[in-house]
Amino acid sequence: MPTRAGNSGAGESRGLGAATRLVSERASALVRLELQLATAELKRKLSELGVGIGLLAGAALFALYALGFGLAAIAAGLATTVSTWLALLIVTGALIVIVTILALIGYARVQKGTPPMPEQAIEEAKLTTEALKNGSH
C-alpha cells in the first residue's frame, strides 16, 4: 500500500509538469498562429492599398492628358473648323470619364486597405485572452 501512495504523489507531479508543458506548447502555437493571421491580414490590406494607389496614379495621369486635350480642343476650336475641335472635345470627354471611373475604383480600394491593421488577428487575440482569463474553451 505505501507503494501506491508514493506512486500517486509522483504521478501527480509528472502529470502537473506534463500539463504545464502542454499548456505552454499550445499557448506558443496559438501565438504563432495569431502572428501568421496578422501577417496574412496585413499583406492583404497592403495589397489593396497598393492597387488603390496605383489606380489613383493612373487616374492622375489620365487627368493630365484630359487637361492637355481640353486645351488642344479650345485651341483647335478657335483656330479651325468645328469638326476638329469637336473631335478633340469628344476625346477630352472620354478621358474625363476614364479618370472618373479609375478614381472611384482606386478610392474604394484605398478605403478597403486602410487602416493597414490586422483587425481579425487583434479580435482573435482579444477573444483568446478573454477565454484564458475566464478559463473557458
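Glutamate 48 is buried in this predicted model, with a relative accessible area of 16%, and I would like to begin there, since several other items on my list can be reached from this residue. Glutamate 48 is found in helix H1, and if we set aside residues up to four places away in sequence, the residues that glutamate 48 touches are Arg109, Lys112 and Gly113. Please also look at threonine 114, which is 66 residues away from glutamate 48 in sequence, while the C-alpha atoms of the two are 8.5 Å apart in space.

With which residue does glutamate 48 form a salt bridge? The partner is arginine 109, and the closest N and O atoms of the pair are 2.6 Å apart. Because glutamate 48 lies in helix H1 and arginine 109 in helix H2, which covers residues 82–113, the pair ties together parts that are 61 residues apart in sequence.

Is lysine 45 buried or exposed? Lysine 45 is buried, because its relative accessible area is 5% and the cut-off for buried is under 20%. Leaving aside neighbours within four places in sequence, the contacts of lysine 45 are with Lys112, Gly113, Pro115, Pro116, Met117 and Glu119. If you compare this with the list for glutamate 48, you will find Lys112 and Gly113 there, and both of these residues are in contact with lysine 45 as well.

Now I would step back to the overall arrangement. The protein chain has three helices and zero strands, and from the N terminus on the elements run α-α-α. Of the 137 residues in the chain, buried residues make up 16%. The accessible surface comes to about 9800 Å², and 71% of that surface belongs to carbon and sulfur atoms. As for the contacts between residues at least 6 apart in sequence, 82% of them join residues at least 24 apart.

Isoleucine 105 lies in helix H2 and is partly exposed, with a relative accessible area of 41%; from leucine 56 it is 49 residues away in sequence and 8.3 Å away in space, C-alpha to C-alpha. Alanine 72, in helix H1, counts as partly exposed at 31% relative accessibility, and between alanine 72 and threonine 92 there are 9.2 Å in space, C-alpha to C-alpha, for a pair that is 20 residues apart in sequence. Isoleucine 122 is found in helix H3 and, at 34% relative accessibility, counts as partly exposed too. The C-alpha atom of isoleucine 122 is separated by 9.3 Å from that of leucine 37, although the two residues are 85 residues apart along the chain.

The last topic is the largest pocket, which has a volume of about 250 Å³. Which helices each supply at least two residues of its lining? They are helix H1, residues 2–79, and helix H3, residues 119–134, and it is H1 that gives the most to the lining, with seven residues. The lining consists of Ala19, Leu22, Val23, Arg26, Ala27, Ala29, Leu30, Thr128, Ala131 and Leu132. By residue class, this lining divides into eight nonpolar residues, one polar and one charged.

To close, I would ask you to keep two places in view during the discussion.

How values were computed:
Residues numbered from 1 in each chain as written. Predicted model: local features only at pLDDT ≥ 70, side-chain atom pairs only at ≥ 80, totals over all residues. Heavy atoms only, no water. 1 Å grid on protein atoms, 1.4 Å probe; cavity = no way out; pocket = protein on both sides within 12 Å on 5 of 7 lines; lining within 4 Å. Points joined across faces, edges and corners; volume = space filled by probe spheres on them. Helix = DSSP H or I, 4+ residues; strand = E, 2+ residues; numbered from the N terminus. Nonpolar A, V, L, I, M, F, W, Y, C, P; charged D, E, K, R; others polar. Salt bridge = Lys/Arg side-chain N within 4 Å of Asp/Glu carboxyl O. Buried < 20%, exposed > 50% of the residue type's maximum accessible area, 1.4 Å probe, protein only. Contact = heavy atoms within 4.5 Å. Areas by Shrake-Rupley, 256 points an atom, 1.4 Å probe, with all protein chains shown as cover.
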